[in-house]
Amino acid sequence: MDVGLTGKVAIVGGGSDGLGYAIADRLLKEGAHVTLFARRAEKVTAATQRLARAYGEEKVLGLTADCSADSDIERVTASTLERFGPAVHVLVTNDGGPPIRRISELTDEVWLKAFERHFFYVVRSVRATLPYMTTEGGSILNVVSGVVERPAVGMAASVGVWSAVIGYAKTLALEVARQNINVNTLLSGFFDTSLLSGMLERQPELSRAGLGNRVPMGRVGEPREFADLVGALVSPNVRFLTGAVIPVDGGAGIGMGASFDSPTSK
């Protein structure tokens, strides 16, 4: 089914790996022109080359940029307009998360850095791209951690930052709705990414199988599954959906995943 993204221009944060890379790949597959950016130059180069081989060099732009730097965000937008034309139709904000620490260990410096990198990244990205969406309309999609609805020890900074993003996004949705721009937020559960691999390395008591057993579907998600939903939500055909906060977690937000025939139910 054609979702109406052919020829549209998208900016995807954290696009060199994980969910961001899968989103960039999906949007390119739907015919969009995509700018992806991330902090590590070597990963950006590798991701851009893979996507260019699959979809053509003229369709993808890879940039090394730090989402916590206002000047970098402005450069990403300016480079996108220079490469692909006068409009931006899709903005996907996506980046890792604050450090995992107990509340007693969260200094002012840690809190400020968390908001600079994750909350102000969203604010600045919107400020930079919104003027180029107003003519044709567009879609803004924020990717945050599902921990915002299911807090856990060590995740206070994440809960605080992502709660701020959600409140900002809902208010933004009200302000730009008459301009045919929708704003939605996806809450990510466990997905098989390098971010998950890093967490498992730091916490050897955890495993993919064990995490999967917490999910009603009995597994962690594949990045492609997340990206497929993004491809649908940023479509011009779904513009009437706005201000939504949608969990993408295999049902984990509903409750524990044990079934009658699972080992944990015996």
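**Close-up views of a predicted model**

**View 1. Arg 50 and the ring of Tyr 21.** Arg 50 lies over the face of Tyr 21, 4.7 Å from the ring centre, where a charge counts as sitting over a ring if NZ of Lys or CZ of Arg is within 6 Å of the ring centre and within 35 degrees of the ring normal. The model is predicted, so that local features need pLDDT of at least 70 and side-chain atom pairs count only at pLDDT 80 or more, while totals for chains, interfaces and linings use all residues. Residues are numbered from 1 along each chain as its sequence is written, and side-chain values use heavy atoms, with hydrogens and water left out.

**View 2. The aromatic pair of Phe 37 and Tyr 121.** The structure holds six aromatic pairs, a pair being two rings of Phe, Tyr or Trp (its six-membered ring) with centres within 6.5 Å, called stacked if the planes are under 30 degrees apart, edge-to-face if over 60 and tilted for the rest. The ring centres of Phe 37 and Tyr 121 are 6.2 Å apart and their planes stand at 90°, so this pair is edge-to-face. It joins distant parts of the chain, since Phe 37 belongs to strand E2 (residues 33-38) and Tyr 121 to helix H4 (residues 108-129), 84 residues apart; helices (H or I, at least four residues) and strands (E, at least two) are DSSP runs, numbered from the N terminus. Phe 37 is buried, with a relative accessible area of 3%, and Tyr 121 is buried, with a relative accessible area of 3%, where buried means under 20%, exposed over 50% and partly exposed in between (1.4 Å probe, protein chains only).

**View 3. Phe 119 and Phe 120.** These two residues form an edge-to-face pair, 5.3 Å centre to centre and with 75° between the planes. Phe 119 is buried at a relative accessible area of 15%, whereas Phe 120 is partly exposed at 34%. Together with Trp 111, Phe 115 and Tyr 168, Phe 119 and Phe 120 form one aromatic cluster.

**View 4. The largest nonpolar core.** Among the 39 residues of this core, Phe 37, Val 126, Leu 130, Ile 140, Trp 162, Leu 172 and Val 183 touch the most other members; a nonpolar core is a set of buried Ala, Val, Leu, Ile, Met, Phe, Trp, Tyr and Cys residues joined through side-chain atoms within 4.5 Å. Helix H5 gives the most to this core, with nine residues.
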